[in-house]
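Dear colleague,

I am passing on the structure below, and my notes on what was found in it follow directly after.

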Amino acid sequence: MPAYAWAVKEDGLDDLIANLPDEALVLDVGGWASTHPRADWVIDIGPWETRDQFAPAGRNAPERVTKERWVQQDICGPQPWPFEDDMFDFAICTQTLEDIRDPLHACSELSRVAKAGYVETPHAAIELTRGVESPLWCGWGHHWWLVLRDGPGLVFMMKPHHIHSPFWPAIPSPQLLHPEAARPIRLAWTGSLPAREDFILDHDSFDGRLREIAAESSRPSTLAPLRRRFAELTWQGYRAGRRGLGRAARAASKARTKG
């Protein structure tokens with residue numbers, strides 16, 4: 001599936017849109033890259049003039065949104081979105097929440113301005129997998145968050161830098177992902193969109209949770225347990241070495257200061 005595709009039959013969005021009456025007011029949040037043709041309004045930091053740079057090839061559906069109904073605004077900014085409560089019958093937000101600095105604020109505003117909607121994000125496991133965009137890092141380079149489904153809502157976890165280390169036991173290839181982890185998270189909501197951030201402050205506990213997601217989301221193979229154990233031992237050795245070097249450097253610095 002293209003990263004910014006708006007019309008995929010199995011995701012359920014087509015059915016949701018098809019059941020809307022023509023007079024229903026629809027908002028596309030983050031629609032600059034590929035505006036949904038059913039959207040009446042768009043809010044995005046990108047301007048009207050450069051919209052649809054990632055639109056699917058061959059799309060010929062007529063646009064409903066106009067320049068006057070295009071709101072160029074940071075959806076994570078301090079100002080509320082310039083819409084009344086429950087102004088929209090439906091809101092679409094696809095492949096956006098993982099890109100922005102404050103997805104909880106965006107989910108809160110979605111809940112405020114729309115009566116119902118649909119969100120879509122990559123599964124957290126994608127962001128723990130090498131080879132999605134490059135063999136040199138995990139997931140998509142511009143994504144800030146790992147996202148998981150939690151019943152009727154979403155859970156966000158920070159995407160840390162250390163997972164890109166060649167010593168970290170990442171999922172080595174997208175081909176090893178379980179089908180449900182390879183597919184985007186697709187969530188239709190009514191009334192409100194629950195969202196929270198999962199804070200794990202202890203590094204070892206946080207890293208353990210990331211490795212747990214990677215293990216749960218990848219297909220088993222004969223060599224997978226050995227490969228994962230080797231990677232984990234390598235990662236632990238690397239971290240222990242870094243801590244040792246850090247202690248030695250601090251001790252040397254203190255000795256120079258005293259001298």
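Does D40 count as buried or exposed? At 5% relative accessibility, D40 counts as buried, where buried means under 20% relative accessible area, exposed over 50%, and partly exposed in between, with a 1.4 Å probe and protein chains only.

Please keep in mind that this is a predicted model, in which local features need pLDDT of at least 70 and side-chain atom pairs count only at pLDDT 80 or more, while totals for chains, interfaces and linings use all residues. Residues are numbered from 1 along each chain as its sequence is written, and side-chain values use heavy atoms, with hydrogens and water left out.

The structure holds 14 salt bridges, a salt bridge being a side-chain nitrogen of Lys or Arg within 4 Å of a carboxyl oxygen of Asp or Glu. In one of them D40 pairs with R64, the closest N and O atoms being 3.0 Å apart; R64 lies in the loop between β2 and β3 (70-72) and D40 in the loop between β1 and β2, so the pair ties together parts that are 24 residues apart in sequence. R64 is partly exposed, at 29%, and both residues belong to a network of salt bridges that also links D22 and R38.

A further salt bridge joins E49 and K67, with 3.2 Å between the closest N and O atoms; E49 counts as exposed at 55% relative accessibility, whereas K67, at 45%, counts as partly exposed.

With kind regards

Definitions and conventions:
Helix = DSSP H or I, 4+ residues; strand = E, 2+ residues; numbered from the N terminus.
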